Structures are given as C-alpha cells and as structure tokens.
Amino acid sequence: MAKEVVTRNTTAMQQAGQAMKKNKKIGARSGLLPRGMLAAVAALVLAWAVAPFVAGAQTDPAEPVELRVAVTHESLAPALTWLGAVKNIPGSTTARQIAGGDAQSKERLITGGADIAVSGTPFTEAETKALEATGRSVIEAPIQAVGMSFLVSGPRPTGIDLCQFVEQSIEDDPLNELPPDCLKVRDFEGPLRLTSENLADVFLESSVNNWQDPGFLALLAELQPGGLSMVSPLRPASAVLRSDAGMPNLALGTYLRTTQPAKWSTRSAGLFLNPEPAPDATWPFTRAPAKQGLPDAVGVIRQWKTASAAVDVPAESGAMTMTTPLAAAQAIQAEAEEPPFDATGEANLNTDLYVAQMKNGAGEWLSPTPTAITTSLAAGQGAPLFAATQNVPGGWPLSWANSIYAPDSGLTGVEANTVAALIRWQSTVGRQRSAELSDGQVPDVLVKRALSAADKIVSSNCTAAGLKTVLTSDVTRFAPAGTLAELGETLWCDTPYDGSPVVDEGPAVDPFTGAVVPVVAGISASSGSTSGTNRPLSASSATPSSASATVGSADLSTESANTATGGIAASLPPVKVARIMPLPLPGSDPRFDRLATLALGGLMFLGVRALMRRSGLISA
Amino acid sequence: MTDVIDLRPDPDEAEPSSVEESTLESDQEDEVTDPAASLKRRRIILAVIASLVVLVAADAVIGAAVHAEHQRHLAAEFAIPTEELAVGDAAFVLQIPALGVNEVVVEGASASELRGGPGRRLDSVQPGDSGNTVIQGHKTRFGGPFGQLKDLKGGNSIYLRSRSGEVTVYKVTKVRTVGSDQVKYLEFAGPNRLTLVSSAGGPLDGSRVVVTAAADDLSASNENAVETAVKDAVPSAASEEDTAPIQTYDVRGIGGAVLLLTGIGLIAVGVLVGFDLRKRYGWGAVLLVAGSSVALGVILLLFNISMVVPTTY
C-alpha cells in the first residue's frame, strides 16, 4: 500500500515535473516573440545610433591639370613646334599654350593662370615682388631669338588708277585709245624702306605726311627708277599699335628714343609723359588705333582697304604695324592666295603688303632674315637691339631673345621635367630649326645660360616637391627619343609614372609640316615603374594607341590672324577646369549625438523608474 | 576600575604638529632631515605632476571632442548656401588631399573660433579675390587639423569651396618655418594666394609653419580675366603705401585673459576650500562644492590657455 502511495506520488511528481517543463517551454515560447522584437528594436536603435552618416560625395573626379605655358604672340610658333613634338609621348604632362603679350604672360604666371611664362621683357620690380608674395621667384632661360619687322600696307600705285580710269574712258568712248603711258604701269614690289625718322613720324604721330615726304618717296624711287610714283594721300600714314604691353612696344620705344631722341623727347614733353619706355607699359601715344596682340594688328593691316570704318582712319592713308617676320610673310602669302571673290560674291580687295627694310647701326639696309637676327644677337651676346646702334654688319637692328620664366617652386616633379625638356629641346633641336620659323639662332652664351637654368628649375622644384633628382640620358618620357642625345646626361626629377592615361582632345599643329596631330597623350604604356624596369623617366617601350598624324591645314597665320586670343591657341578647346572638390564634403555625422541621446534617455528612464519604485507606484 | 577616557588633546601629541609647523618655517637643513615634511612635499609635487598630466590628457580628449563636435555642426551649417557670413560661421571647406585634411573653415581666427577648426583671418581676403587668404589652424590642440602642415610639398593642390559652391584651387609653392615676428606672409595685398599658418614647435615656441600657395586659376586663360586680374595683382607704389601693417600671428582678446585668470582662481579657491570642507563636512561636500569649482576652473583653463601658448598650437 505504502509502496503504491509512493509510486503514485512519484508518478504525480513526474507528471508535475513534466507539466512544469512543458509550461516552461510554453512560457519560453510565449516570451520568444517579445524578446525577439526587443532584440530587433535594440538592433535597429543601435544601427540608427551607429550607422555612419556621410554627406553626398562628389563622385566626379577632378580633371587633370595641365602645364600651362603663357607665351607671347612672338613665341607662339616655337611653342607649337615643341607641343607637336612631345604631344604623343606617354607619361609626359599635358601642356597647353596661352598666347598674349609679354606682360600678360608674366601676369598669368603671377596670378595662377599659367605655370610658366615666355616673355621678351624681364620681370619688373613690382612683378618680382608680386611673385615673391606667392612664395616663388623666377628662373630665366632664353629660348628664342626673335626679330621685329614692320608690315606696311602701302598706298596704291598711281598707274593702276590711271589705267582703270583710262579703261573706263574707253568703254564710255570707244574712239579713245589707250595712252602709251599706261603700258608702263606696274605694281610696286618693293623693297619698301623705312628710316628711323620715318618710323618716328608715323609712330609718334607727327604731322609729317610720309606719302608726300620727298625723302620717304626717294627711298622708294631709289629701286624703281623712272617708273613708279605713289599716290599721295592727304592723310599721313597710320600706325596700328599693339595694346599688349611688352617687348615690341619697348623695343620700338627704345629704338626711337635712341635714334630719334629729339622727336621722342618733344613728343613725350608735349604729352607730359615719362620719356623712358617702360617694359610693362603699352605704347604711350594712343591716338592711333591700338589692337590687342600681334594677330589682331596684322589682321587690321591685311584688311586695311576695307577696314577704314572699323579703325576710324581713312584707308587710303596706308598703315603699318609691328610684327614678326614669320607673321608678316604668312600675311603676304595669305593675301596673295586670297580668291578674287568671297563666298557671297563680293570682290576681295587685295591689300598691298610689304615688309619694310631698315637701316642698322652699320648703315646697311637689311631685311629681317634669320641670319640678320642671329648676327645681331651673337654680336651683342644676347643684348637686345644691339645692331640698332652698334656697328654690326649684317645685324638686324630690332632683335632680342625671348625667355622662359619658370618658378623655383610650386611645380610638381613632372612639370619641372617638362619645362626642362622644353628648354633643352629649344636649345638643341629648336635652335637648329629656328630659321624655318623665320627666327634667328640663340647665341651660345644664352644657350649655356638656358641649359643651366633648366638644371636649376629641376633641382629647386624637385626638392620642393619632396622628390630627388637624377642624372640620366634616358629621357624619352619628356622629349622625343634621341632629340636630347647631344646633351648627354642631364638633371631630371625622378618621378614615378603610374601609367594613367591623360587625354587631351585638342589639336596640335606642327608649323613645319602643317600636320594636325591627333592628340592622344594617354597611351597604353608599359614603361617606367609599371614595367618593373625602374626607368621612371623613360617611355621608350610605350605603344601609342593612336599616333598617326593626318595632314591638315598648314597655315599658321591665316586662321590665327583674326583671333583675339592668339591664333591657334584660341582654337584649342578650353581647359577643363578642376572645379570639383577631390574629397567628399565633411558630413554632419550625428552618431555622437544619437549615442548621447540614447545614453541620456536611458539614464532618465532608470532614474524615473527608481523614483516610481520608491514611491510605490510600481512594484519592484 | 573604571577607565577614565580623557578627551582632551594630549599635549605630547600636539608637539609633532607644532614641530611640523615649525619645520615648514625652518631652514632647508631641517626640512631635509624631517621625513614627514619630505613626504608631504613629495605628495604635493606628485599631485601637481598628476594634475598636469590629467590636464594635458583632458586637453587632448576634450579638445578633440570639441573640435569634432564643432566640425559636425559646421558641416550641417555649411550645407545651407549663403553669402553673408558672421564671425564663427562656417565659411568654406578646405581640402588638402595630400594630407587628408577635410575641414570646414570658420570665419575668424581667434582662439575661440579655432576650437572648432581652421579659421580665416578677418584681416585677409576671401578666397578667389585678389590678395592673400590666410587660414590658421591648430597644430596639436583641438584635434590638430594642421598638425601635418609642414609635410606639404611644392605642387600639392589645395581646394577651397565656398558656401555658394565656388571652388578655388591653389598650388603649394613654399613651406617655411618662421619666427613669430615674421608676419610679412600675412600681408593681404598682392596676387590671389592662400597662406596656411600653424605652430611649428612646442607649447611655448612661437615659431610658425607658413605654407604659401599660389592660385591655380585655370579660368584666367582668357584675355579679359587676365586683364581684370592684372590690375590687382601687381601692387603699385600707391597701393604699397596704403597697405596696413599686419599685427601678429596670435589673435587674442582680453576676454580670454579674464576667463583664464578666472579659471585659475576657481581651481585655487576650490582646493583651498576643499581642505576646510573635508574637515567640517566630509568628502561629499568637497565633491559637491570644491569639485565643481575645480572642474569649472579646469574647463576655463583649458579653453583659455591659448592666452599663454600660441593660438595655433
């Protein structure tokens, strides 16, 4: 009996235990949902608190920044030549030239519009101070021997008018016969000669009418005996001035002040002007029309016969302006090749253009040939206008050297190498080919100075960029292979090449061949550090993806003459400006606020709950 | 057999304290020989050192937190486009990819503004204008946003974005370490450029790291832009005469000095009162009264110690 009771009790206990277990499971199951929900809510709250908040990133990458070369109009052609030579070299910095006046080029360097400048005038004290304010000073490297000539739009030869008149008379009256004098009529072919006195009369706005001046006409008749005489316009010859401050104005001012001091002083005193020509000033006598830059001035001369209304000077008076021999020759060629009628059927009036001969310090009449420019600079060891006053046989009087002005810091290693390559290329290949651009050859003393400056540009900028310099002759990344071989080992900045393509879609024109080079600077290169050969300056193993050149327009001047910003440079597409921040903008990440809010909320909950328990509102 | 408990102070026991007091006033030889005095002195020295360590640590932690918190609020403020800015407002975003710097710059560069991040000196020009934009920032304190300034190299790019969305790009041209008296780099006249300033040395070293960056103005490739820029870029003789002298790298105010002295005073009062409170009311009173006073004093000290150390340290 007792055993049965015990057994029953045991069974009841087991049942009770099982029931409890069951109830516990049920209880656990019934609490699973709220606990899961609690955990989920907690996870969500935690995620809300911790989840990072990042402001909208600017995903567009910054555009690659080019080496921007601010060139003068006079140095545009050599710059384009170099650009065409290096355009397809992989790994080199994309370069772009911006044409303007000398002073503008320097200002671009100061204000950040350019990385280096080309100018014929050195930095003034104020310009140097302004550049130093930006933490830089300049290193000068002469690269171009240039001469200034005068492009003249002459008055019509008398005979043409006479013949036209006679032909008209014959049509009106068939009985009239052609007078025999008319058969002698021919165009005046030059050479047109200008003395310093002529130039002073024109550019200092004297009342002398050159076309009626017996002395001036005698110069023309000297080589045209017995035939031609000029129409005598009522107005004096006009000067088309350059409104861009720089070496052309400084050279002319210095030349006239030296050779015609009386006329210069009288004119300066009459206008209360500083008698000293200033390198950063425009032409001080501004009654004549002034045009911005060389292309505009040449363009006005070319259109002289039809541009009287635009320039506010009667076309018949003739005009002249300062230009380079290359631009003058191209303008004459373009004028000769101009079709008789334009697209609208209107007749094109040809302007009679002449490049004036000038008398040098040795008393010779000369044309601005490359040889004459070279002779002047060589005799003066690079001094400007040396043959104007000194006895230098065969020396062109208005010659000077244009220089690259590069900063001693602020360039990256690649940029410094590019500038050095440009200088070295101009001192070797460019110098040898200078005559093809109607330029002279830079004298040896300036070449030496330029090569020294190239080393200095590399060493100073490379150090500032935290890199090291190397001596090497393997520089195919920055100059066409073999072109700098004669210099041997030169100083370069050891810059790694990541092989990333940089594409510039702008055209480059080789002034020698006229080839429009498809610009693909980004190349599938396997050179430099990417090749594992540790040849960071070399791109010799690169394979251009599109290096074929198509021959296009060879005319450097005709398209550029009428542009305001410097010819071919203006036809290049605008630089893509890096106007996007490289990093995401700082975000107002609220994680700390969220966590602090949660913590404070939690503390408040605990505090309130404790108070409520103490006060008996809720049970413990 | 009843023991009498004498609550009166033992005259013999009072002697050590009188001896101790007399020891404090005695000559050096006596102090060295007294171990109790030496121990007390050692404790004071340790306490001072510990306080300084705690102060420095608190400066680092609190300063970084203050900087981070300010930057977050400035970033939110920066998202609201405006052109009218007051002192302390978020002015523009400064990014130096080479250093990983990405900071909201505030208007003004006094000690209080620099706590939140780099600040544009009010006597400099706005970014993009002709002249010198000067931005100062801390090297070590308050997050040290300009701590690596000296590591910048020539050619490194610096970007500034205004609240109206205009981006100005600069290229580093020079990194100098200059004395506190070489303030010519702060001159605002001249071409468009950016100058970043921070401290170069320790908390008592007035030398500065000055980074000069020239404008990388790609938009100046047209003639008109250059013509406009040229007029302002090259200083004429007249404009040089008009140039006002630059004062100093440190922009401090009398208010900071007052607060600094107040902080020191609060700490001293807290400590002095704390001893008395402990004897009379116990540690609770010490924590409540003296602790609050000391804490407030420490905070005031930390936030105004720039009256002693360079503003950009």
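**Domains and sheets in chains A and B**

Reader: How is chain A divided?

Author: Chain A is divided into domain 1 (67-145 + 405-555), domain 2 (150-155 + 189-367) and domain 3 (592-620), with bounds from an automatic or database domain assignment. This is a predicted model, in which local features need pLDDT of at least 70, side-chain atom pairs count only at pLDDT 80 or more, and totals for chains, interfaces and linings use all residues. Residues are numbered from 1 along each chain as its sequence is written, while chains are lettered from A and ligands numbered from 1 in the order in which they are written.

Reader: How many residues of domain 1 of chain A are in contact with domain 2 of chain A?

Author: 16 residues of domain 1 of chain A are in contact with 15 residues of domain 2 of chain A, contact meaning C-beta atoms, placed from the backbone, within 7 Å.

Reader: Which helix gives the most to the domain 1 side?

Author: Helix α3 (residues 102-111) of chain A does, with three residues; helices (H or I, at least four residues) and strands (E, at least two) are DSSP runs, numbered from the N terminus.

Reader: Turning to sheets, what is the order of the three strands in the open sheet of chain A?

Author: The order is β6-β11-β12 (chain A), with mixed pairing; two strands pair if DSSP finds at least two bridges between them.

Reader: Why is one side of β6 and of β12 of chain A left without a neighbour?

Author: β6 (193-194) and β12 (365-366) of chain A stand at the edges, so each has a single partner strand.

Reader: And which strands form the closed barrel in chain B?

Author: Eight strands form that barrel, running β1-β2-β3-β4-β7-β8-β6-β5 (chain B) with mixed pairing.

How values were computed. Two residues are in contact if their C-beta atoms, placed from the backbone, lie within 7 Å.
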